[in-house]
Amino acid sequence: MKPQIIIILILLCIQPLFAQKKKIETVNHLEKTSINALKWRSVGPALTSGRVSDIAVNQNNPFEYYVAIASGGVWKTSNWGLEYLPVFDSESSYSIGCATIDPNNANTIWVGTGENNNQRSVAYGDGVYKSIDGGKSWKNMGLKDSEHIGNIIVDPNDSDIVYVSAYGPLWSKGGERGVYKSENGGESWQLILYVDEHTGINEIHMDPEDSNVLYATAHQRRRHVYTYVGGGPGSSVYKSTDAGASWRKINKGLPGVEIGRIGMDISPVDNNVLYAIVEAADRQGGFYKSVDMGESWSKQSGKVTSGNYYQEIFADPVDLETVYVMDTWMSVTKDGGKTFKNVGEDFKHVDNHAMWINPNNNNHWLVGCDGGIYETFDAAKNWDFKKNLPVTQFYKVAVDTDCLLYTSPSPRDS
């Protein structure tokens with residue numbers, strides 16, 4: 001190769017080294033851009049809905065009911081599910097454990113925030129809310145340190161008397177946990193049943209014939225990163241016959257070992273009959289029945305579910321011996337708990353948490369599960385999925401930063 005050509009090639013290679021380098025900087029154009037005009041809109045879900053914690057149906061107008069969502073606020077329908085409207089989006093909590101309609105005034109709604117389950121993805125809340133205008137506006141009524149609310153009961157004889165089962169924090173001890181009572185419509189609360197700093201109340205029930213008779217199920221539990229403690233000496237069933245002024249344990253016949261979560265219900269057919277599904281150590285848990293208002297219990301079978309995620313039961317309002325168990329696959333007993341079978345969910349989402357049975361037609365149910373709201377008019381032979389409840393639960397969200405940041409030459413260097 002000729003020397004002249006070699007020199008030219010060398011000059012071409014080193015020329016960029018003497019050229020001025022352009023300065024590169026990162027620019028975030030959103031800092032100078034207003035996006036206030038952009039609004040969130042739903043883009044799904046296309047197939048399933050989200051986890052339902054509770055269903056509260058207006059007893060005087062079943063076309064109206066409220067749906068408590070584990071990770072999606074509270075929704076209301078006034079036309080039997082043809083349309084669901086979000087009524088809790090402006091409040092401080094998105095995770096809901098329960099909803100209750102005042103039996104004396106359907107415009108008064110109580111909501112307990114913080115999902116009342118114990119899995120790793122559970123979100124906490126900031127206490128109890130009340131609406132006196134059918135969900136149009138809400139007021140936080142306190143118990144903010146409870147974090148998770150099991151359920152709320154309003155005395156059918158006096159709307160100012162309200163009971164709250166406070167589950168308490170899941171990932172730590174302490175907080176507000178136990179049974180709280182208000183005698184002034186939630187303006188102030190009195191702790192009327194306290195077990196210990198590790199034990200909360202997951203359910204409270206009121207005798208349908210005598211509002212002075214109350215039952216409460218205590219559950220000792222604690223979640224850690226490395227494990228879940230789902231029971232202990234604090235778990236028990238309590239009874240009060242003086243509107244919560246005093247309580248006593250009613251565990252006669254229940255397992256003598258450490259107990260976990262207890263799901264309970266009073267039969268609407270006969271208030272002497274109570275049912276309970278009990279977690280217990282050494283595989284001694286099972287399904288229990290009492291025919292003397294909880295004074296003694298008899299084991300019917302070894303049926304249990306997971307207190308981490310289920311362990312709730314619903315007694316049929318027409319048939320004394322029929323009880324439904326919430327579980328991955330919903331089951332039913334027709335003989336008071338001795339035997340169980342699946343209700344049938346081949347065309348329905350599983351993981352069940354809430355149920356309403358029509359007291360005038362016990363073949364008609366609303367069921368809340370991880371996939372939303374389902375309705376049946378023929379005792380689970382056919383299901384109607386409410387496709388228009390646009391909620392779901394996000395376990396992980398990822399963002400592509402390329403849509404926010406990119407590099408460009410500095411304007412002064414152009």
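**Notebook: a pocket, a sheet and some rings**

I began with the second largest pocket, and I found 21 residues lining it. Trp40, Arg41, Ser42, Pro390 and Phe394 lie nearest its centre. I kept in mind that this is a predicted model. Next I looked up the space in this second largest pocket, which is about 760 Å³. Then I sorted its lining by residue type. Nine of the residues are nonpolar, eight are polar and four are charged.

**Entry two: an open sheet**

I turned to a sheet of four strands. The sheet is open, and its order is β14-β15-β18-β19. The pairing is antiparallel. Which strands are at the edges? I found β14, residues 199-206, and β19, residues 248-249. Each of these pairs on one side only. I then followed β18, residues 236-240, to its partner β19. Two bridges join them, and the two strands run antiparallel.

I looked up the aromatic pairs and got 13 in the structure. I picked Phe63 and Trp80 to start. Their ring centres are 5.2 Å apart and their planes are at 70°. An angle over 60 degrees counts as edge-to-face, so this pair is edge-to-face. Where do the two residues lie? Phe63 is in the loop between β2 (52-57) and β3 (65-69). Trp80 is in the loop between β4 (73-77) and β5 (85-86). The pair therefore ties together parts that are 17 residues apart in sequence.

Are these two buried or exposed? Phe63 has 46% relative accessibility, so I noted it as partly exposed. Trp80 has a relative accessible area of 16%, so I noted it as buried.

My next pair was Tyr65 and Tyr84, which is edge-to-face. I read 6.0 Å centre to centre and 65° between the planes. Tyr65 lies in strand β3, while Tyr84 lies in the loop between β4 and β5. This pair therefore links parts that are 19 residues apart in sequence. Tyr65 is buried, at 0% relative accessible area. Tyr84 is buried too, at 5%.

I then looked for rings that join up into a group. Ring pairs link Tyr324, Trp365, Tyr374, Trp383 and Phe385 into a cluster. I checked Lys348 against two of these rings. Lys348 lies over the face of Tyr374, at 5.4 Å from the ring centre. Lys348 also lies over the face of Trp383, and the distance to that ring centre is 5.4 Å.

Conventions
Residues are numbered from 1 along each chain as its sequence is written. This is a predicted model: local features need pLDDT of at least 70, side-chain atom pairs count only at pLDDT 80 or more; totals for chains, interfaces and linings use all residues. Side-chain values use heavy atoms; hydrogens and water are left out. On a 1 Å grid over the protein atoms alone, a cavity is a set of points where a 1.4 Å probe fits but cannot get out, and a pocket is an open set with protein on both sides within 12 Å along at least five of seven lines; lining residues have an atom within 4 Å of a point. Grid points are joined across faces, edges and corners, and a volume is the space filled by probe spheres set on the points. Ala, Val, Leu, Ile, Met, Phe, Trp, Tyr, Cys and Pro count as nonpolar, Asp, Glu, Lys and Arg as charged, and the others, Gly among them, as polar. Two strands pair if DSSP finds at least two bridges between them. Rings of Phe, Tyr and Trp (its six-membered ring) pair if their centres lie within 6.5 Å; planes under 30 degrees apart count as stacked, over 60 as edge-to-face and the rest as tilted. Buried means under 20% relative accessible area, exposed over 50%, partly exposed in between (1.4 Å probe, protein chains only). A charge sits over a ring if NZ of Lys or CZ of Arg is within 6 Å of the ring centre and within 35 degrees of the ring normal.
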